[in-house]
Amino acid sequence: MSESFYITTPIYYVNDVPHSGHAYTTIAADVLARWHRLHGHDVFFLTGLDEHGQKVQRAAAQAGIDPQQHCDRLMPHFRNLWEKLTIAHDGFIRTTDTRHHAVVRQLLHTLYDRQLIYRADYTGWYCTFDERFWTEKDVEQGNCPDCGRPVEQLSESNYFFRMSRFQQRLLDHIADNPTFIRPESRRNEVLGFLQKPLEDLSISRPKSRLSWGIDLPFDRDYVAYVWFDALVNYLSGLEYLPPRPSVDRFWPATVHLVGKDILTTHAVYWSTILMALEIPLPHTIFAHGWWTVNSEKMSKSRGNVIDPYTMVKQFGADAFRYFLLREIPFGQDGNFSLESFIGRINSDLANGLGNLVSRTVTLIERFCAGTVPCPDPAACAEQETELQAAATSLLQIAMPHHLRSDRIAYNRALEAIWSVVQLGNQYIDKTAPWVLAKAPAHEKRLSTVLFHAAETLRFLCLAIAPFMPNTAQAMSRQLGFQYDFSRALLKNPVAWGDGPTATTVVKGPSLFPRIAIPPQHGASMEQSASPRTMPSTPSSPEPDSNTSSVSHSTQESDCITIKDFQKVRLKVAKIIAAERIPKSEKLLRLRVDLGTEQRQIVAGIGKTYSPDTVLGKTVVVVTNLKPAKLMGVESQGMVLAAGDTDVISLVALAGDVAPGTTVK
Ligand code: MSP
């Protein structure tokens, strides 16, 4: 039997329609599931809906309908979205399913029989929104420490799970299994949480207060706490969902993907429940960060919710999938801006991958009668060796490294793929097939070059398939490979040149038309982006005679004159002091020496550089930028740095230059 891979997403509350936060985790899980399927692993990918509890009961009451009716009404919004986003889940669970109820009741019974559940009176601070009790010391000025809403004092008789008994075992498990909670910062958070004595967990709610749930098997006046009910889905889904994947085959789960807000419920509640049931713990719980909009939490009341349906409709499923996973490291928070999204579509997708596909296919059509030619080893040069090494290492080294379930780094994987896209475009620029085509003596070299370009695309489409399944399919169609990406195409190592030979290319529509940037870019996502527009200059396989030989044609409207450029005053400066700005991960306060004066500059380089690593560095500074305050600190200039979104490196000088020297 091949290696098993069981991946789950949280099951989403059906109190409202899905938003981009839900789409994020589901896309992330889909990528890993697809990657493992391509490798021939035995995969089960489970997602679904959390249909019980106060939130759902409240939403149904507001809609004036019965909770079940409410769930049935909302369910298609999730299912349809997954279809639109090309999510290939194996199971979709709903906690209102009576077969799920049976498993929850059976597990509650087991714990009750083992005397790990007891009844007690309890008085505590209750947050209705989060459906949980807090102790006096947790409550912050009468508000819930989690959601900030007011809490109320509640005295109630409830059933409790003896969670406290498992505290030490859980600490030992975390210590013995360094990859159990990922990333490291989240693991430390859980360890911090476990420094305080762990309390027992209330696993019931009296029906008098909340009736929408699963009846406790040992007391019909109570329903199960929604989190107990929900967490059990990871096991019950294996038991009864078609095609009955079975606990034996898939448990323990390889990875539970969760948002950082629900890490405690998974790492602490779920782990201790499993321990009490004598069921092994999942291998990894990976907590990802949150998307914000203009640095604010996405919420309906703020009107800044990013509607995934709109994103897919306007920009396409693959572009949305790409952006969400490329833009921020999976474990970290990130800001969603339409401007960055469109920027990535235009640069990475249209000018990058789309351009490479389009020019390769056009060149093969034009110079090889539409058939991918055979290479001539004698006509190979160092350029081909370099391209081949980069493309093959993508499948053999980069992807297995970045997509390991305990260190998931989608952004790094995509970065690696796009470095090959860039190399491919540079390769075409440098080898200039349109020049080779002019001399019959270069015929073998021309065939070799176009073969290598097409072969690079074959590797690229295998690498991007988990991330962008529609694009991979379209690429394979245009290149005539006709791959079926649901098959285990990467089960055996793929070697350079071992693909289908002499395939016929079929030019298709542009994969990623350039998008015009809407005038109000960066605004709330509910203001819609302008519709897709066709490229103003069709991507051309060869540079025109007036431009330098770069692959990306510069749009007229993007051009500035030399006079415009000279308005920016650039000078060499030396960093003479640096410190972090409190409460900011990104900002450093720098003191720079400009030869004739010193200035204070606030630079957003703190994620890449610590203060001690920039001290003494010679940098380039924009000196005539209007001063601005960042986190209350005045910045009197800007330090130049490289990086499409995140800072990768400060801009350095090739030689020794004195502070104050002009840069032009
Ligand atoms: N029903 C529970 C999960 C039970 S799992 C046994 C729940 N549901 S939820 O619908 O509120 O949230 C589901 C997931 O969406 C969480 O992982 C949460 O982190 C994620 N997100 C909600 N908003 C988000 C963002 N703005 N950004 C990224 N993910 C966020 O909690």
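Colleague: Which strands does helix α1 lie across?

Modeller: Helix α1, residues 20-38, lies across β1, β2 (42-50), β12 and β13 (284-288). Its direction is at about 165 degrees to β1. Keep in mind that this is a predicted model.

Colleague: How do I read the sheet itself?

Modeller: Start with the general idea. Strands of a sheet pair through backbone hydrogen bonds, either parallel or antiparallel. In this structure, six strands form an open sheet, and the pairing is parallel. The order is β3-β2-β1-β12-β13-β7.

Colleague: Why is one side of β3 and of β7 left without a neighbour in the sheet?

Modeller: β3 (91-94) and β7 (181-182) stand at the edges. Each has a single partner strand, so one side stays without a neighbour in the sheet.

Colleague: How many bridges join β1 to β12?

Modeller: Two bridges join them. β1 covers residues 4-13, β12 covers residues 255-259, and they run parallel. Look at Ile 7: it stands opposite Val 255 in β12.

Colleague: Now the nonpolar core. Which residues touch the most other members of the largest one?

Modeller: Tyr 410 and Phe 467 do, in a core of 116 residues. Helix α17 (residues 443-464) gives the most to this core, with 13 residues. Domain 1 (4-288) and domain 2 (338-534) each supply at least three residues.

Colleague: What is Tyr 410 in contact with, leaving aside neighbours within four places in sequence?

Modeller: Its contacts include Ala 28, Ala 29, Val 31 and Leu 32. Leu 257 and Phe 467 are also among them. Residues 20-38 make up helix α1, and residues 255-259 make up β12.

Colleague: Which residues does the second, separate core include?

Modeller: That core has 63 residues, including Leu 108, Leu 201, Leu 241 and Ala 267.

Technical notes:
Residues are numbered from 1 along each chain as its sequence is written. This is a predicted model: local features need pLDDT of at least 70, side-chain atom pairs count only at pLDDT 80 or more; totals for chains, interfaces and linings use all residues. Side-chain values use heavy atoms; hydrogens and water are left out. Two strands pair if DSSP finds at least two bridges between them. Helices (H or I, at least four residues) and strands (E, at least two) are DSSP runs, numbered from the N terminus. Contact means heavy atoms within 4.5 Å. Axes are lines fitted to C-alpha atoms, for helices over the stretch in contact, and angles run from 0 to 180 degrees between N-to-C directions. A nonpolar core is a set of buried Ala, Val, Leu, Ile, Met, Phe, Trp, Tyr and Cys residues joined through side-chain atoms within 4.5 Å. Buried means under 20% relative accessible area, exposed over 50%, partly exposed in between (1.4 Å probe, protein chains only). Domain bounds come from an automatic or database domain assignment.
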